[in-house]
Amino acid sequence: MTALRKTPVALLSDAAPFVIRAERASDTVAREALLDACFGANRHLRTCQRLRDGRAPAEGLALSVVRQGRLVGTVRLWHVSAGGVPALVLGPLAVDPSCRELGVGAALMNQALAAAKARGHGAVVLLGDAPYYARFGFSAVKTGELSLPGPFERDRLLSLELREGAFDGARGMILPTGASMPKKASRARKALQPVPHAA
C-alpha cells in the first residue's frame, strides 16, 4: 500500500478568491464609485460615453467582480453599429487597484468575451491600451476605416472578431444601437453624474 504524502498548503487571506457574476441593481453605487476612482469624475465626458448614454448594456453582458463581499471589478458591453456592421463596444472595464495583481481584469475580460461569443455576437470593439488588450486578441487591423463620435487616438481603437470575418467591411462611424435605458434608470444615472460648472 502506498502512503499518501501530505502537501503543506499555505492559506493566505489576501489570496481569497473572487467571483464574477451578472451585475445587479444593488451594485450601482459601488460600481459608480469604482469607475470614478479608476477614471476620474470627468469620465462621463469621454468619447466612448456617447455610445452608452441613455442605453442599456447588452443583455447578459454586464458583469461584476466581488471579493470578500465587496465589488472590485466591472465591465459592460453595449450594442453598436460599426459603420453598418453589428458589433459590441466593451467598456468601461475597471478593477479596484488593490486587486489588480490577482488577475481580476484578465478573468473579467475572458468571461465577458466568452459570454459575448456564447450569445452569438460576432465582433467587439473598444478604445484602450493596445499592448494590454492584444493578449485577448484585440488589434487595430480592422479599425482603420472606423471613427467615433468625438476625439480619440487612432491607435487605441481596437477590435476582436468572435466569428471569423464578422468585422469585414466595417467602415464609417461607430454608433449606438442598443435598447434605450428605462426612463427611471436613466434619471437615477443622471443624478449620479457631476454637474458641469460655468467658467
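Reader: Is E164 buried or exposed?
Author: This is a predicted model, where local features need pLDDT of at least 70, side-chain atom pairs count only at pLDDT 80 or more, and totals for chains, interfaces and linings use all residues. Residues are numbered from 1 along each chain as its sequence is written, and side-chain values use heavy atoms, without hydrogens and water. Buried means under 20% relative accessible area, exposed over 50%, with a 1.4 Å probe and protein chains only. E164 has 81% relative accessibility, so this residue is exposed.

Reader: Where does E164 sit?
Author: Strands are DSSP E runs of at least two residues, helices H or I runs of at least four, numbered from the N terminus. E164 is in the loop between β8 (157-161) and β9 (172-176).

Reader: What separates the C-alpha atoms of E164 and A123?
Author: Along the chain, E164 and A123 are 41 residues apart. Their C-alpha atoms are separated by 8.9 Å.

Reader: How many Å does α2 reach, first C-alpha to last?
Author: Helix α2 covers residues 104-118, 15 residues. The expected span is 1.5 Å times one less than the residue number. That predicts 21 Å, and α2 comes close to it, reaching 21 Å.

Reader: Which element gives the most to the largest nonpolar core?
Author: This core has 27 residues; L90, M109, L113, V124, Y133 and F138 touch the most other members. Elements that each supply at least two residues include β3 (70-82), β4 (85-90) and β8. With seven residues, the top contributor is α2.

Reader: What is the volume of the largest pocket?
Author: A pocket is an open set of points on a 1 Å grid where a 1.4 Å probe fits, with protein on both sides within 12 Å along at least five of seven lines; lining residues have an atom within 4 Å of a point. The largest pocket is lined by 30 residues, with F39, L93, L127, Y133 and R156 nearest its centre. Its volume is about 760 Å³.

Reader: Which element gives the most to the lining of the largest pocket?
Author: β5 (94-95), α2, β6 (123-127) and α3 (130-134) are among the elements that each supply at least two lining residues. The most, three residues, comes from α1.

Definitions and conventions:
Grid points are joined across faces, edges and corners, and a volume is the space filled by probe spheres set on the points. A nonpolar core is a set of buried Ala, Val, Leu, Ile, Met, Phe, Trp, Tyr and Cys residues joined through side-chain atoms within 4.5 Å.
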